[in-house]
Amino acid sequence: MVKLDHLALYVEDLEATRNFFVKFFNAVSSSLYHNHNTDFKSYFLSFDGGTRLEIMTRPELANQIGTDMRTGYIHLAFSVGSNDKVDRLTRLLAESGYETVSGPRTTGDGYYESCITGPEGNLIEITV
């Protein structure tokens, strides 16, 4: 059996990203890991159902700002359980200053979802 253990995401503002996922997606955060030799820092964020996201930073990061039409990471998707919860969380995020990219809507392939721009321009999809 092969199981995906976690996803990792480099960010510039580690604390702001951690607080975003704790506040809006009920993540449980590990303690800060800090390698003093490389100045690498990270948190593991755990979500219901066992999914984990490692958020990391280090001084020499290169910022990759550009188009969403590129290879590599494009978005994280979170299932919140119902259309109403998608609507409520999308509205809460918009009221908190996060841009709504799309939705809430039913997509052509039948998903009910919205997409917002989270910390540092990372796309967050909210689905049933």
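User: What makes strand β3 (residues 33–35) and β4 a pair?

Analyst: Good place to start! In this predicted model, β3 and β4 are joined antiparallel by three bridges. A pair needs at least two bridges, so these strands qualify. One example is His34, whose bridge partner in β4 is Lys41.

User: What lies between β3 and β4 in their hairpin?

Analyst: Four residues separate the two strands there. Among the turn residues is Asp39, with a positive phi of about 65 degrees.

User: How do you know that strand β2 (residues 28–29) also counts as paired with strand β4 (residues 40–46)?

Analyst: Two bridges join β2 to β4, and the strands run antiparallel. The rule asks for at least two bridges, so this pair meets it. Within the pairing, Val28 has Ser46 of β4 as its bridge partner.

User: And how many bridges link β4 to strand β5 (residues 52–57)?

Analyst: Six, again in the antiparallel sense. The requirement is at least two bridges, so β4 and β5 are called a pair as well. Here Phe44 has Glu54 in β5 as its bridge partner. The hairpin of β4 and β5 has five residues between the strands, and Gly49 in that hairpin shows a positive phi near 90 degrees.

User: Let's move to the inside. Which residues of the largest nonpolar core touch the most other members?

Analyst: Those are Phe20, Phe21, Phe25, Phe47, Leu93 and Ile124, in a core of 22 residues. Elements giving two or more residues to this core are α1 (14–25), β4, β5, β6 (75–79), α2 (83–95), β8 (112–117) and β9 (123–127). The largest share, five residues, is that of α1.

User: What does Phe20 touch?

Analyst: Setting aside residues up to four places away in sequence, Phe20 touches Phe25, Leu93, Tyr98, Ile116, Gly118, Pro119 and Ile124.

User: Why is Thr100 called partly exposed?

Analyst: Its relative accessibility is 32%. Buried would mean under 20% and exposed over 50%, so Thr100, at 32%, falls in between and is partly exposed.

User: Where does Thr100 sit, and what is it in contact with?

Analyst: Thr100 belongs to strand β7 (residues 100–106). Apart from neighbours within four places in sequence, Thr100 is in contact with Thr90, Ala94, Cys115 and Ile116. Each of these counts as a contact because heavy atoms come within 4.5 Å.

User: What separation do the C-alpha atoms of Thr100 and Ala77 have?

Analyst: Those C-alpha atoms are 14 Å apart, while along the chain the two residues are 23 residues apart.

Conventions. Residues are numbered from 1 along each chain as its sequence is written. This is a predicted model: local features need pLDDT of at least 70, side-chain atom pairs count only at pLDDT 80 or more; totals for chains, interfaces and linings use all residues. Side-chain values use heavy atoms; hydrogens and water are left out. A nonpolar core is a set of buried Ala, Val, Leu, Ile, Met, Phe, Trp, Tyr and Cys residues joined through side-chain atoms within 4.5 Å. Buried means under 20% relative accessible area, exposed over 50%, partly exposed in between (1.4 Å probe, protein chains only).
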